[in-house]
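Good morning, everyone. Please look at the screen while I talk.

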Amino acid sequence: MLHKRLSQFLIIYFLGLGLLLAVKYCFGLSDYVIPGFTDMQNTAQAVAAGYLRAVLDTLGVAVIGHLLAIALATVVAIVGRPDNLLGTMIKTAAYNLQAYPIVAVAPIIFILLGDGLPSRLLIAAIICYFPLLLSFIGILSEPVAGIEHFYIVTGRMRWQLEVKIRAFENIHKLITVVTGSATLAMVGTIVAEFIGADSGIGYSLRIALYQSDIAKVLVALFLIGVFNSLYLVGLELLGLAVRKRMGVEQRIQQ
Amino acid sequence: MLLQCLNITYRYPQGDALIFHDLNCGLADPGFHGLFGPSGVGKSTLARIIAGEISGFAGEIRRRDRADILYSSNTERLPGWSSVGDHLTKVTPAANLPLLQELIRAFDLGSCVDSRFSQLSLGQKNRANLTRYLLQDFDLLIMDESLANVDEATRKQIIVTIKQIFPDRYFLYISHSVAEVATFCARILVLRDIHKSPQLIEVAGRDHHGDTSLDRTALERAMLEIVHAA
């Protein structure tokens with residue numbers, strides 16, 4: 001799993017790098033526009049340690065933001081699950097809000113909360129929150145009639161059991177959605193750092209942009225890709241463990 | 001009389017055509033009764049109306065005071081997070097736990113109790129599902145093709161066992177097997193197309209308990225009556 005994800009990323013990364021160098025040499029662009037391979041190596045050696053710390057900082061914020069978004073989406077989806085007035089209101093609000101490019105409100109968050117950790121965390125969380133919420137609401141609102149019927153007619157159905165049945169029956173979808181939204185959390189954190197924060201790899205990218213230093217940008221992209229892949233693999237392994245623990249794998253084999 | 005359906009008229013919420021028109025039927029005595037009819041005629045719908053799972057019909061359903069009516073079908077599943085045995089134990093009222101062991105033996109489920117539901121064959125799944133319903137407190141249990149995919153010998157054994165263990169309860173058995181309903185049911189409600197009048201006809205079955213030999217001629221007559229009625 002790890003090997004596959006990393007090799008996929010490395011292939012794409014080095015294809016892109018090769019294309020960039022091809023453009024440089026085909027059009028005779030200066031090292032100022034696109035640095036040569038040796039310059040890139042030198043830059044990598046110079047900034048790698050600092051960028052590594054910055055990426056880990058960003059990843060930490062993204063993971064916490066992602067967890068917050070998952071927790072909040074779970075709670076709201078459970079509350080908005082029934083087919084009543086509150087449920088309908090929550091669903092409608094979720095569908096309408098997710099249509100808005102939420103990253104556009106990031107400046108307001110920075111103005112109100114400053115350029116520290118809370119702003120980065122909040123932006124990371126809200127960027128991955130709405131896709132999570134829509135999927136969670138969809139899954140938890142959909143009855144699993146074949147299983148729920150018995151509990152309903154025998155008077156045993158409780159909301160906890162209903163959520164458990166629906167989550168269990170859709171565990172693959174839930175894991176896919178959670179894994180897919182991890183990249184959004186990373187994107188949200190980087191965007192937040194890029195816009196206004198004073199730390200993290202997004203902040204380093206902003207400085208590299210101001211310096212027009214493509215080599216630094218490429219080093220940052222490499223580290224972001226590697227650590228994002230590691231995070232996704234971690235989530236996939238966690239999902240696999242959850243599925244095994246719940247006995248879902250036995251069901252798949254049937 | 002446990003149950004009486006009076007002048008039931010019903011159309012599906014999304015459909016224009018009526019599915020029942022002034023339909024009347026009832027269950028007067030305990031025992032094993034059949035609901036028979038061609039596919040699509042509305043057997044499951046009528047069963048769910050009787051069980052109180054479908055509303056929006058015209059007419060009246062009269063039930064004996066506080067009658068517990070359960071509807072079970074072969075499309076139901078047990079949750080997959082625990083073994084079949086654990087699930088059955090968990091949903092069985094304490095007073096019925098000895099009965100659980102008896103049913104596991106009678107329904108030949110001993111080899112399944114440690115397995116997850118998804119690992120069972122279709123026949124085993126249906127037996128496990130039926131077992132948990134039989135362990136509940138009920139007056140009438142509607143069995144909508146609950147023994148589909150179960151081999152004939154086991155099906156016979158299960159029906160005979162149910163009749164022995166629950167002589168005072170009502171069962172409404174939905175099946176497409178004429179021979180089966182004619183053999184084991186006391187009364188068979190034959191549901192017919194809406195354009196036929198009356199839409200439902202009652203036919204007497206042989207109500208076989210497995211302890212005596214069957215009168216073949218009488219059985220064939222009952223089967224013919226059912227087929228002609230349908």
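Which residue in β2(B) does B:Arg11 stand opposite? It is B:Leu18. Keep in mind that this is a predicted model.

Strand β1 of chain B covers residues 3-11, and strand β2 of chain B covers residues 18-27. They run antiparallel, and six bridges join them. How does the chain get from β1(B) to β2(B)? Through a hairpin of six residues.

Next, the other neighbour of β1(B). Five bridges join β1(B) to β4(B), and this pair runs antiparallel too. Here is one example to find on the screen. B:Leu6 has B:Glu60 in β4(B) as its bridge partner.

We get an open sheet of three strands in chain B. The order is β2-β1-β4, with antiparallel pairing. Which strands stand at the edges? They are β2 and β4 of chain B, and β4 spans residues 58-63. Each has a single partner strand, so one side of each is left without a neighbour in the sheet. Neighbouring strands in this sheet are turned against each other by 15° on average, if we ignore direction.

What packs on this sheet? Helix α1 of chain B does, residues 43-50. This helix touches β1, β2 and β4 of chain B. Its direction makes about 125° with that of β1(B).

One general point while we are on strands. In a regular strand, side chains alternate between the two faces of the sheet.

Let's zoom out to the whole of chain B. Chain B has seven helices and nine strands. Its radius of gyration is 18 Å. The globule rule gives 17 Å for 230 residues, and the two values are close, so chain B is as compact as a globular protein of that length. The C-alpha atoms fill a box of roughly 50 × 45 × 30 Å along the principal axes. Of the 230 residues, 40% count as buried.

Now contacts inside chain B. Take those between residues at least 6 apart in sequence. Of these, 68% join residues at least 24 apart.

Methods. Residues are numbered from 1 along each chain as its sequence is written. Chains are lettered from A and ligands numbered from 1 in the order in which they are written. This is a predicted model: local features need pLDDT of at least 70, side-chain atom pairs count only at pLDDT 80 or more; totals for chains, interfaces and linings use all residues. Two strands pair if DSSP finds at least two bridges between them. Helices (H or I, at least four residues) and strands (E, at least two) are DSSP runs, numbered from the N terminus. The radius of gyration is taken over C-alpha atoms; the globule rule is 2.2 Å times the number of residues to the power 0.38. A residue is buried if 20 or more other C-beta atoms lie within 10 Å of its own, exposed if 12 or fewer, and partly exposed in between; C-beta atoms are placed from the backbone. Two residues are in contact if their C-beta atoms, placed from the backbone, lie within 7 Å. Axes are lines fitted to C-alpha atoms, for helices over the stretch in contact, and angles run from 0 to 180 degrees between N-to-C directions.
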